[in-house]
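Trainee: Could you walk me through this one before I start writing it up?

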Amino acid sequence: MLVRPRRSDIKIIIRNVGKVVIGLGVAMAIPMALSLCLQEWKPALDFAIGIFACLIFGMTTEITCKTGEPSSWGSGLPTVALSWLTAMVFGAIPLYLSGHFGSFLDACFDCMSGLATTGLSIIQDLDHLAYGTNLWRHLIMFLGGQGIIVVVLTFFVAGTSGAMEMYRGEGREDQILPNVISTARFIWTVSIVYLIIGTSILLVTVVNAGLPAGKGLFHSICLFMAGFDTGGFTPLSQGIIFYHSIWLELATILTMCLGMMNFGVHFSVWRGNRRELFRNDEMKTLLITVFGLVILTQVGLSRLGAYPNAVAMFRKGFYQVISAHSGTGFMTIYGNEFVTRWGPLAFFAVTLAMGFGAAAGSTAGGIKALRINITARSIWGDIKKLLSPPDTVIVQKYHHVRDIVITNKLVHGVMVITTCYIITYIGGALVLAMYRYPMAEALFESTSACANVGLTTGITSPGMPALVKAVFILQMWGGRLEFMSVFLLIGMLVAIARGR
Amino acid sequence: MIEPRLTKALYIVILAALPGLLISWAFGNPAVAASGRGREVSSTELLENAGDYNETRVVYRGEVVGQVLKRGDNAWITVNDDHYSTKHRREYQELKGGNSGINIYCKYEMAEAIQFVGSYETQGDNVRVEGIFYMSNPDHGGDLMIEAESLEIVRDGHKVKGESIVVELIAAFSMGFIALLLGISWWKTSGSSLF
C-alpha cells in the first residue's frame with residue numbers, strides 16, 4: 001500500500017532539493033571565474049544566468065517550504081531522486097546557453113550524463129567550445145561522481161536527520177565513519193587529495209605529449225575529474241586518441257582503477273590497512289572479471305587479426321576493457337571500430353564489462369562486483385546444500401572490510417537490484433531496436449547508458465530520436481541511483497496523485 | 001614476326017579495355033587508385049571504409065583543431081572536415097552535428113606553418129594533407145591515422161569576432177536583481193541559517 005506523504009514531508013523534500021540547487025549554483029562560480037579570467041564574456045554571462053536561476057529557485061523553496069516538523073521515514077530517497085532531476089535541469093542552463101546544443105533536451109542529456117558520470121555526449125562542435133563551459137562539463141562529472149547529495153551533506157546540512165537515507169539513496173553502500181556527515185567529508189578529502197596528485201601526474205603526461213603547460217593543466221584537471229569519477233568526458237572530440245601518448249593512457253588507467261575502487265577500501269588503505277586490498281572479496285572479483293574479459297577480448301581480436309601486432313592489440317583491447325569495466329568510457333579507438341573491426345567476441349566482452357561495472361561504493365555504475373560476488377557465492381551455496389545431507393547448515397561469508405554473513409535478505413536485495421539493471425539494459429535496447437538500430441549495437445549502447453559507462457558505437461549522436469534521448473536520460477538517472485530512490489519517488493508521486 | 005591480324009586483334013582488345021580501366025580508376029576500389037595519386041576522401045569515408053583504404057595514398061582536407069603536438073622532429077595534428085571546419089559556430093550560429101576528423105602524423109617542419117588551431121576564439125587553418133592512411137599503424141600503437149607526405153595550408157585561420165552579449169547581459173542583471181530581492185526577503189523573514 002502506498003502511503004501518501006504528509007504536507008510537511010513534501011515541504012522538506014522540496015526545501016532539500018532547493019539546497020542541492022543552491023549548491024549547484026555555487027559550483028557554477030568556478031567555471032564562471034575561469035571564463036572571466038580568459039575573457040570569455042558570453043560564457044561568463046551564461047554562468048551568471050545559471051547561478052541566479054539556481055539562487056532564485058533555492059531562495060524560493062527556502063521561503064515557501066519552511067516547516068518546523070522533522071522529516072518522517074522515507075523522505076530521504078525521493079529527495080535524492082528529485083534532486084538529481086532538478087540538478088539536471090538547472091545544470092543544463094549554461095550548457096544550453098552556450099549554443100552548442102540543438103535543444104534544451106540535448107543540454108539536459110549531457111548534464112545528466114555528466115552528473116551520472118556516464119560520458120555519453122551529444123554536444124555539437126565540442127572542438128570550438130569555450131574553456132569555461134568545457135570545465136563545467138567536467139566539473140558536473142566530479143560533483144555527480146562524489147554524489148551531489150554528499151556535497152550538500154558536507155556543506156549544507158547541519159544535523160544528521162535523514163542524512164543517512166539520502167547518502168544511501170545515491171547508491172553508496174558503505175558508511176565508512178560512524179557519522180554520515182564525517183563519511184561525506186572523508187570522501188571529499190580523499191577526492192581532493194587524489195585530484196591534486198592525479199592532476200599533477202596527468203599534467204606531466206600531457207605536457208610530454210606536446211601540450212603547452214597552461215592548456216595542459218586544463219586538460220589534466222578535466223581528464224582527472226572524468227577518469228577518477230569514472231565519467232569519460234574529454235576536452236576534445238577525439239577523446240584519448242587526441243594525445244597519442246602511452247604514458248597518458250597508463251596514467252588514465254591508474255586514475256580509472258582508483259575510481260573503480262570502493263571508498264571503504266580507500267579508507268582502509270588510508271588508515272594503513274593495505275592488506276585489505278588483497279583480502280577484499282570485491283577486489284578479488286574485480287580482478288577475476290577484468291582478467292577474464294581481457295582474455296576474451298584478446299582472443300576475439302586475435303582471431304580477426306584486427307591489429308597488426310600483439311602490442312597494439314593488447315594496448316587497445318586492455319584499455320577499452322578497463323574503460324568499460326570501470327564505467328569510465330574513455331576511448332582510444334573510434335566508436336564505429338567496435339562494430340567494424342572488433343568482431344562479435346571482443347564486442348560482447350566489452351558489453352559484458354560495462355554491464356558488470358566496478359565496485360559498490362565507488363563512482364562507477366553497473367551491477368557492481370560485490371553483487372556478482374554475492375550472487376556467485378549464493379549459487380555455489382545452493383549447489384553445496386543440494387549435495388549435502390538435509391540437515392546441514394551452510395554459512396557463507398564474504399570479506400568486505402570485515403567478514404559479513406550472506407543472509408537470504410542480503411541475497412534478495414542483491415537479486416532485486418541486479419534484475420533491475422538487466423531489465424533496464426534490455427528495455428533500452430528494445431527502444432533502440434524500435435528505431436531499427438541493430439540489436440547488438442542497441443544492447444551495447446543501452447548498457448553503456450544504464451551502467452553509466454559512456455562508450456558508444458556511434459548511435460549516440462545529436463540526430464538520434466528525442467524518445468531515445470529521453471530513455472537514455474532515465475536510464476542514466478536510474479542506473480546511477482540504483483533504482484530504489486527512483487521507485488520511491490514514483491511511488492510517492494502516485495500516492496499524491498491518488499490523493500490518499 | 002606477329003601476324004597483322006593478331007596485331008589488329010590486340011589493338012581492339014586494348015581499346016576495348018581502356019574505358020573499363022578508366023571507369024575502374026574513377027569508381028573502383030580505392031586501393032587501386034591510391035597506388036598512384038592520392039584520392040580525396042572525407043573522414044567519414046575513411047572511418048566507415050577503413051579496411052578499403054588501409055595503406056593507400058589519400059588526400060584529406062580540413063581545419064586543424066586542438067593543438068599541434070610536437071614529438072621530436074615530428075608532430076601530431078587533428079584535422080576536422082566537419083561542417084565547422086569552414087564556418088566557426090560563433091560567426092554563423094549554425095549547428096550541424098558533432099565534430100569529425102582524423103589524426104595526422106607529419107614532420108614538424110610541415111606543421112610549423114600552421115598559425116591558427118581551431119578553438120573557441122579561433123578558426124583554425126585549413127590544410128590539404130596527402131599521405132598514407134593506416135587503419136592501424138604498427139609504429140603508433142595501432143592508431144588509425146594518416147602519415148603525411150605533404151601538408152599545405154589552403155586557407156588561413158583567423159581570430160573570431162565576439163558575438164553580441166546584450167541579451168545575456170539584460171537577462172543576467174534582471175535575474176540578479178530578483179535573486180537579490182529574494183535573498184533580502186529570506187534574510188529578513190527567516191533568521192535561520194542555510195547552513
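Predicted model: local features only at pLDDT ≥ 70, side-chain atom pairs only at ≥ 80, totals over all residues.

Trainee: Which residues touch the most other members of the largest nonpolar core?

Mentor: They are Met112(A), Val350(A) and Ile104(B), in a core of 179 residues. A nonpolar core here is a set of buried Ala, Val, Leu, Ile, Met, Phe, Trp, Tyr and Cys residues joined through C-beta atoms within 7 Å; buried means 20 or more other C-beta atoms within 10 Å of the residue's own, exposed means 12 or fewer, and partly exposed lies in between, with C-beta atoms placed from the backbone. Helix α3 of chain A, residues 76-97, provides the largest share of this core, 13 residues.

Trainee: And what does Ile104(B) touch?

Mentor: Leaving out residues up to four places away in sequence, Ile104(B) touches Ile77(B), Val79(B), Val129(B), Met145(B), Ile146(B) and Ala148(B), where contact means C-beta atoms, placed from the backbone, within 7 Å.

Trainee: On to helix pairs: how do α4(A) and α20(A) cross?

Mentor: The axes of α4(A) (residues 104-115) and α20(A) (residues 466-480) come within 9 Å and cross at roughly 25°, which makes α4(A) roughly parallel to α20(A). Axes are lines fitted to C-alpha atoms, for helices over the stretch in contact, with angles from 0 to 180 degrees between N-to-C directions; under 35 degrees counts as roughly parallel, over 145 as roughly antiparallel, 65 to 115 as roughly perpendicular and the rest as oblique. Helices (H or I, at least four residues) and strands (E, at least two) are DSSP runs, numbered from the N terminus.

Trainee: Who makes that contact on the α4(A) side?

Mentor: On α4(A), Leu105(A), Asp106(A), Cys108(A), Phe109(A), Met112(A) and Ser113(A) make the contact, and their partners on α20(A) include Phe472(A) and Trp477(A). The contact has nine nonpolar residues, one polar and two charged, with Ala, Val, Leu, Ile, Met, Phe, Trp, Tyr, Cys and Pro counted as nonpolar, Asp, Glu, Lys and Arg as charged, and the others, Gly among them, as polar.

Trainee: What about α9(A) and α10(A)?

Mentor: Their axes, for residues 213-228 and 246-259, come within 7 Å and cross at roughly 40°, so α9(A) is oblique to α10(A). Among the residues in contact are Phe224(A) of α9(A) and Met256(A) of α10(A), and by class there are five nonpolar, four polar and no charged residues.

Trainee: How many residues do the two chains bring to their contact?

Mentor: It is 51 residues of chain A with 51 of chain B. On the chain A side, α2(A) gives the most, with 14 residues, and that side divides into 28 nonpolar, 14 polar and nine charged residues.

Trainee: What is in chain B itself?

Mentor: Chain B has seven helices and eight strands, and of its 195 residues 35% count as buried.

Trainee: Is Asp52(B) buried, exposed or partly exposed?

Mentor: Asp52(B), found in helix α4 (residues 50-53) of chain B, counts as partly exposed because it has 15 C-beta neighbours inside 10 Å.

Conventions. Residues numbered from 1 in each chain as written. Chains lettered and ligands numbered in written order.
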